[in-house]
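Dear colleague,

Please find the structure below, handed over for your records.

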Amino acid sequence: MRGCFITLEGGDGAGKSSLIKYIVEYFEKESVNFIETREPGGISIAEQIRSVILDRKNTEMDGRTEALLYAAARRQHLVERVLPALESGKVVLCDRFVDSSLAYQGYARGLGIEEVFSINQFAIENCMPDLTIYLDIEPEAGLARINAAKEREINRLDLEELNFHHNVRKGYFQLLKMFPERIVKVDASRSLEHVFEEVKTILEQRVL
Ligand code: TYD
């Protein structure tokens with residue numbers, strides 16, 4: 001029996017990493033047979049691809065090249081890590097997956113959601129998540145959280161970034177319309193405890 005593929009998505013400061021810790025604790029308590037992962041997930045080839053994407057020296061990187069590299073790293077992580085776990089019946093909890101490329105490269109960078117989806121379909125061969133939890137937060141609120149944690153003020157670069165993150169959010173809104181069954185939007189502006197309570201209910205209904 002194939003396991004269940006769950007992905008988490010959201011903008012910066014939405015609290016994805018903290019939420020994942022809560023979900024992991026909950027799965028352990030419920031004795032769920034699961035793995036927790038994120039791209040590139042320690043997969044050597046995917047790590048090498050990722051370092052090309054993130055290398056600050058690669059200023060000439062074209063947007064489509066970036067999207068293809070994300071898709072390539074995704075493919076390798078999927079084949080080496082995600083598919084074997086799913087095939088052995090495990091629940092896979094993955095921090096970001098194809099929707100990140102659709103929202104960031106497809107929508108916010110302007111490459112087109114459909115275009116980026118088509119290269120990703122080649123990479124994932126229809127292995128879409130069974131459930132995607134999208135943590136939604138106003139970019140201003142997300143940034144304020146990050147800055148409060150770092151104890152610093154919002155600066156000019158942050159403000160430039162803000163516009164990009166508004167576009168990322170609009171991208172996710174498009175995806176919610178495209179995949180209404182799969183993606184569940186959760187209001188992440190509330191306390192982590194509230195967010196987790198809602199997520200727990202979703203997991204009880206859809207996974208456990
Ligand atoms: P990361 O350090 O993993 O942070 P986060 O905690 O936000 O997940 O950085 C991931 C960044 O890479 C994030 O800004 C989103 C971006 N990204 C894409 O643009 N496309 C993708 O396909 C993926 C997986 C991530």
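**Ligand site and cysteines**

The largest pocket is the space that the ligand takes up. Here a pocket is, on a 1 Å grid over the protein atoms alone, an open set of points where a 1.4 Å probe fits, with protein on both sides within 12 Å along at least five of seven lines. The model is predicted: local features need pLDDT of at least 70, side-chain atom pairs count only at pLDDT 80 or more, and totals for chains, interfaces and linings use all residues. Residues are numbered from 1 along each chain as its sequence is written, and side-chain values use heavy atoms, with hydrogens and water left out.

- K16: 3.1 Å from a ligand oxygen
- R74: 2.8 Å from a ligand oxygen
- Q105: 2.8 Å from a ligand nitrogen

Taken alone, the ligand exposes 550 Å², of which the protein buries 74% (Shrake-Rupley method, 1.4 Å probe).

As for the cysteines, the whole structure contains zero disulfides (a disulfide being a pair of cysteine sulfur atoms within 2.5 Å). For C4, the nearest cysteine sulfur is that of C127, 11 Å away. C4 counts as buried because its relative accessibility is 15%, where buried means under 20% relative accessible area (1.4 Å probe, protein chains only). C94 is also in no disulfide, the sulfur of C127 being the nearest at 10 Å; C94 is buried, at 1%.

Yours sincerely

Notes
Buried means under 20% relative accessible area, exposed over 50%, partly exposed in between (1.4 Å probe, protein chains only). A polar contact is a pair of N or O atoms within 3.5 Å; within protein, one must be able to donate a hydrogen and the other to accept it, and residues adjacent in sequence count only if both atoms are side-chain atoms. On a 1 Å grid over the protein atoms alone, a cavity is a set of points where a 1.4 Å probe fits but cannot get out, and a pocket is an open set with protein on both sides within 12 Å along at least five of seven lines; lining residues have an atom within 4 Å of a point. A molecule sits in a cavity or pocket if more than half of its atoms lie within 2 Å of its grid points.
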